[in-house]
Every structure is written in C-alpha cells, then in structure tokens.
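Let's take a walk through a protein model together. Have the sequence and the 3D view at hand, and follow along one stop at a time.

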Amino acid sequence: MVIGGGATCKSAIYALTEGLGAKVVYLVNRDPEEAKSAIKGLKQHGLHQEIRYVESVEIAQSLTKPPIVAVSAVPDIAPKTDAEQIARNIITVMIQSPHAHSSARLFLEMCYDPTPMTYMATLAQKFDWKVIDGLDVME
C-alpha cells in the first residue's frame, strides 16, 4: 500500500514493483484525480504491475490480500475534509486487517517533521507492524 500521490508516492510504487517485485500495489489518496494521474504517469513510463486505487472503506474491507508493506508519503495532518477523513478510514482498515504473516508487515513512514512518529505510524505499531520512521530513512 502506498499513501499519497506526489513524487515520493510514485518513487515508492516504482521501488515496490521494480525493486521488491510487488505484483499489486494499493494506492490510497484523498483526491481521486491525483491518484488516477499518478497511476497514468507510471503506466506511461512503462510500469506494468497492477496499481489499484482504493477509493472506499468498502473496497478496503473486501480485499482478500491486505498489504504487508505500506509506505506513507503524506504529511501528518489531521483530516479536515470529508475526502481526507475517508482516506484515513481506508488506511485504518488496511492497517488493522489481519494477515497470516503479521510479523512480516512493514510500515515505512516518510514524514519526519514535526515528528517521525506520525498518527499512522503509531497506529501501525499498535497493530504489530514493524515501523521504519522518516528519520531512519534519512540515515
């Protein structure tokens, strides 16, 4: 799962697919147009793996293979709009999804300011994800 829609998001998707061999990447973003644009841009640059935009809690709940790797590429800001709250709810459902290999789940938080332990990283840690924070990424 990749959270975001900008350059860091696209880099994360590329790294997951081309570097780590992910066959499917779930993309979560508050703005459907930004998500579709990110997917279109990656496809135009030759990415062939499946990128699924998860646009609702119902879709997140219906996934038969929840993510075992997550990259958060968004600021740690509390939701202010309905779209931001929906995105947070989707992420929460996906973080809380039980998985057979729960000890293998990894949450990479790219945010480091004002603190590397964001709301989402803290939630992931609560549900037994191994969290790598934004400061670790910079080392």
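Leaving aside its neighbours within four places in sequence, T17 is in contact with A22, V25, L47 and Q49, where contact means heavy atoms within 4.5 Å. You will find T17 in helix 1; helices (H or I, at least four residues) and strands (E, at least two) are DSSP runs, numbered from the N terminus. With a relative accessible area of 3%, T17 is buried. Here buried means under 20% relative accessible area, exposed over 50%, and partly exposed in between, using a 1.4 Å probe and protein chains only. A polar atom of the T17 side chain also lies 3.2 Å from the backbone oxygen of Y14. That is a polar contact: a pair of N or O atoms within 3.5 Å, where, within protein, one must be able to donate a hydrogen and the other to accept it, and residues adjacent in sequence count only if both atoms are side-chain atoms.

A word on how to read all this. This is a predicted model, in which local features need pLDDT of at least 70 and side-chain atom pairs count only at pLDDT 80 or more, while totals for chains, interfaces and linings use all residues. Residues are numbered from 1 along each chain as its sequence is written, and side-chain values use heavy atoms, with hydrogens and water left out.

Next, turn to helix 2. At the start of helix 2, a side-chain oxygen of D31 comes within 2.9 Å of the backbone nitrogen of E33, and after the helix comes G46, with a positive phi near 95 degrees.

Now for some rings. Searching the whole structure turns up one aromatic pair. The ring centres of F107 and W129 are 6.4 Å apart and their planes are at 90 degrees, so the pair is edge-to-face. Rings of Phe, Tyr and Trp (its six-membered ring) pair if their centres lie within 6.5 Å; planes under 30 degrees apart count as stacked, over 60 as edge-to-face and the rest as tilted. F107 belongs to strand 5 (residues 106-109) and W129 to the loop between helix 5 (119-126) and strand 6 (130-132), so the pair ties together parts that are 22 residues apart in sequence. Both F107 and W129 are buried.

F107 leads us to S72, which has F107 among its contacts beyond four places in sequence, along with others including I3 and L108. S72 lies in strand 4 (residues 69-72), and at 2% relative accessibility S72 counts as buried.

Finally, return to the loop that holds W129. D128 is in that loop between helix 5 and strand 6. D128 counts as exposed at 54% relative accessibility, and although it is not a glycine, D128 has a positive phi of about 65 degrees.
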